[in-house]
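Here's a quick briefing to read alongside the sequence and the fold. Have a look at both, then work through the notes below.

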Amino acid sequence: MSRWGLTIPLTGLPLAEHREIVSGLSGLGYTDAWSAETNGADAFTPLALASQWDPGLRLGPAIVPVYTRGPALLAQQAATLADLAPGRFVLGIGTSSDTIVQRWNGIPFDEPYKRTRDTLRFLRKALAGEKVKEEYETFAVKGFKLESAPAAPPPIVLAALRPGMLRLAAREADGAITNWLAPKDVRTVRGALGDEPELIARLFVCPTDDAAEARAIGRWMIAAYMTVPVYRAFHEWLGRGEALRAMNEAWAAGDRKKALEVIPDEVVDDLIVHGSPERCRARVREYVDHGLTTPVLAIVPGGGLTSAEAVRALAPSAD
């Protein structure tokens, strides 16, 4: 069965009001619910609730930063979710960004590749119930063992935006998570990851026929993300460096208004799924046709739809 995920919590809807929507996701054809962790809800709490609201969903954080929790605490939280949703939890980890790690949390954003690799290797042992006493390159663990390890260790997938991390995901993890890409970019990503590992991507979906509305929202989102160094480098690798050059120059000069204005329509249309719900569903399937295993919809409010209406309109069952 094809996978079809949803990002929770939904924008603008308090977490406490999600129960009715989440409890019906499997019935609408959704297979997955994935959280995020930026400056809103933490990654684990929405999944803990969803594990009880809909027992048919696969659950995962996309992603938990490897810097903002100690390795042992990260293992504990993963083990807790694996216990709440046996066989249905996937742990997504990654570097996050220097903005979140260093500017917001005051933690040096040092050696991101090595930190991710070391955390992955630690988690493999810890979640298998082993006692870990090891000096990694980026941290040391001295005698940690989970009190109650999961009966079946959860799969671990890595956030990966460029070849080095994608190759690490292929070698040592169970898949990769990517973000902010067009259907045609999936083949580029697959070129580094390979054809076999699971590839998960969060897709920003604005279900509105008003292209001007979707593009205005999309420009704000693109400027906020693509000026962050890790995403800027990702899109240079994907071949959008020249298309985004004017935006980056204006942003660096402090001219936010100009930065938004100079983002080309074609870049917005590449990276934001928009149009009628039917057109949006068809566009999501283009990603799958190009090699994406698991699309995870992040619904961007638009078209006058409530959160519940948008979830229903974008569901596979709506076809």
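Which residues does the UniProt annotation "domain: Luciferase-like" cover? The annotation, from an unreviewed entry, covers residues 13-293; UniProt positions follow the numbering used here, feature names are shortened, and annotations may be inferred rather than shown by experiment. This is a predicted model, where local features need pLDDT of at least 70, side-chain atom pairs count only at pLDDT 80 or more, and totals for chains, interfaces and linings use all residues. Residues are numbered from 1 along each chain as its sequence is written, and side-chain values use heavy atoms, with hydrogens and water left out.

**Annotated stretch**
- Over residues 13-293 the chain is 46% helix and 16% strand, counting DSSP runs numbered from the N terminus (helices: H or I, at least four residues; strands: E, at least two).
- The end C-alpha atoms of that stretch sit 28 Å apart.

**Helix 5**
- Helix 5 (residues 112-127) has 16 residues and reaches 22 Å from its first C-alpha to its last, close to the 22 Å expected at 1.5 Å a residue (1.5 Å times one less than the number of residues).
- Its buried residues include Arg115, Asp118, Phe122 and Leu123 (buried is under 20% relative accessible area, exposed over 50%, partly exposed in between; 1.4 Å probe, protein chains only).
- Among the elements covering those buried residues are helix 3 (71-84), strand 5 (91-94) and helix 6 (163-172).
- Just after helix 5, Gly129 takes a positive phi of about 90°.

**Nonpolar cores**
- The largest nonpolar core has 72 residues, of which Leu6, Leu91, Ile93, Phe122 and Leu123 touch the most other members (a core is a set of buried Ala, Val, Leu, Ile, Met, Phe, Trp, Tyr and Cys residues joined through side-chain atoms within 4.5 Å).
- Helix 3 gives the most to this core, with six residues.
- Apart from it lies another core of 26 residues, including Val230, Tyr231, Leu244 and Val300.

**Two buried polar residues**
- Glu198 lies in strand 10 (residues 198-206) and is buried, with a relative accessible area of 16%.
- The Glu198 side chain makes polar contacts with the side chains of Arg58 (2.6 Å) and Thr294 (2.6 Å) (N or O atoms within 3.5 Å; within protein, one must be able to donate a hydrogen and the other to accept it, and residues adjacent in sequence count only if both atoms are side-chain atoms).
- Asn248, found in helix 10 (residues 245-252), counts as buried because its relative accessibility is 7%.
- Not counting residues up to four places away in sequence, Asn248 touches Met226, Thr227 and Arg232 (contact means heavy atoms within 4.5 Å).
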